[in-house]
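Subject: Structure for your review

Dear colleague,

Please find the structure below, together with its sequence.

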Amino acid sequence: MVENQKYELEDALQRAEAEFVGLDYEIELENTEDDLDGGKEVPFNADKIRIEQQMLSLKYIMELIDADLMELNPGYERNRVWKDKKKKSLLIESLMLRIPIPAFYFYENKDTKFQVIDGQQRLATIHEFVNNKFSLTGMEYLSETCNRKYFKDLDIKYQQRIYRTQIAVNILDARSPQTVIFDIFRRINTGGMKLNPQEMRNAVCTPAVREFLKQSTKNKNFLIATRELVKDERMDAQELVLRFYAFSQLYDYEKCELVNEYSSISLMLDEAVEKLKQMDKKEFTGLYHQFDEAMRRCYSAFGDYCFAKITMEDDKIKLVSRDYINKSLFTAFSVIIMEKRYDGIDLLKCRERILQSLAVALMNPEYVSAITVATGDKSKVSCNFYYCGKVLKEGVRND
């Protein structure tokens, strides 16, 4: 009973989080069949894991931050500093009392710059304090001597204790295989506000890939097609964009079929980031134009119902619930609609038939399940692409 209540609460929270950013809620299940059959995922060689353990002084780490050799906030938009002054002050007090604090995890990229995987908020708080951005308050042991003081006002012995504090650091080397890096990111993702999968991918992106994905979310036709519903504070819009780029590379446009060897979308998106990192500016431009055209076509075909679950009542098209973007519908329709058979087709003229075709298809429980439950599984992805392809073909059959 308690376990069921816990599951229901987690489910409700996940639903609320998805809907808050403008996405249709999709139920992800653990230990599905596709997880067991392996797909393209293979165990990595433990000998290739490169993690170095070091003890570094806080002064040295502060110098790395000031010299832009360490990123506290590698590309994602979210509050990285605690707001509670007492909580921040207690952390500083621990340093002054020489109380050990938990280990940190850094990622050292190919440019020898560090990115903080775990411990961002703590390091950001310490950096703020030594730069006199806030004063201490609510301490438990040093309130009489240090309360309301900034770093510059502290007795020299406390300043030195902070600077000379040795902290345990685990450094993940960029030479580790990409699959290893993502897996370790997930295992050590223990902070107060955990990184979601796209934030983890973004943390190991090159600046060029970050900018490419971010600019794609600002594409005019993307914003029109998604009705500007999808927020990007935690990179939900960027994950949608990445889905298009990843699946369009897997889709065989000659045979009009998806060639998918991955057991889950998550694994595929991880590898897609690595592929993007190898591309040059010309290749980015080509992908961007393809994305722009896909968004234009999708809006022509579906209008204000683009990428949403719909139904038909009294011969009228209606939303199944509130207006949310369904990630699975976005993924399949945006890729399939770039088939050559739709070149030159006036999709706007076909809109009514396409919408009717989708509404009828969504009466099929198999299709609904494919875009609602365990949507990242290989079998569900195949099912989704099959029905989305069928919807488009039936909708334009007379043109």
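Contact here means heavy atoms within 4.5 Å. This is a predicted model, in which local features need pLDDT of at least 70 and side-chain atom pairs count only at pLDDT 80 or more, while totals for chains, interfaces and linings use all residues. Residues are numbered from 1 along each chain as its sequence is written, and side-chain values use heavy atoms, with hydrogens and water left out.

Gln238 belongs to helix H12; helices (H or I, at least four residues) and strands (E, at least two) are DSSP runs, numbered from the N terminus. Its relative accessibility is 4%, so Gln238 counts as buried (buried means under 20% relative accessible area, exposed over 50% and partly exposed in between, with a 1.4 Å probe and protein chains only).

Helix H12 (residues 236–250) also packs against helix H10 (residues 207–216): their axes come within 9 Å and cross at roughly 105°. H10 is therefore roughly perpendicular to H12. Angles under 35 degrees count as roughly parallel, over 145 as roughly antiparallel, 65 to 115 as roughly perpendicular and the rest as oblique; axes are lines fitted to C-alpha atoms, for helices over the stretch in contact, and angles run from 0 to 180 degrees between N-to-C directions. On the H10 side, Arg210, Phe212, Leu213, Lys214 and Ser216 meet Gln238, Val241, Leu242 and Tyr245 of H12.

The strands form an open sheet of five, in the order E1-E5-E3-E4-E2 and with mixed pairing (two strands pair if DSSP finds at least two bridges between them). Strand E1 (51–57) and E2 stand at the edges with a single partner strand each, so one side of each has no neighbour in the sheet. E1 runs antiparallel to strand E5 (residues 166–173), joined by seven bridges, and Gln54 has Val169 as its bridge partner in E5. Helix H3 (residues 58–66) lies across E1, E2, E3, E4 and E5, at about 100° to E1.

Five of the five residues of strand E4 (residues 114–118) are buried, so E4 is largely enclosed by the rest of the structure. Strand E2 (residues 70–71) runs parallel to E4, with two bridges between them, while strand E3 (residues 104–108) pairs with E4 in the antiparallel sense over four bridges. Phe114 in E4 is the bridge partner of Met70 and stands opposite Glu108. The hairpin of E3 and E4 has five residues between the strands, and Thr112 there takes a positive phi near 60°.

Rings of Phe, Tyr and Trp (its six-membered ring) pair if their centres lie within 6.5 Å; planes under 30 degrees apart count as stacked, over 60 as edge-to-face and the rest as tilted. By this rule there are 19 aromatic pairs. The rings of Phe106 and Phe114 are a tilted pair, because their centres are 5.9 Å apart and their planes at 55°; both residues are buried. Phe129 and Phe151 form an edge-to-face pair, because their ring centres are 5.8 Å apart and their planes at 85°. Both Phe129 and Phe151 are buried. Ring pairs also link Phe212, Phe222, Phe244, Tyr245, Phe284, Phe291, Phe307 and Phe330 into a cluster.

Yours sincerely
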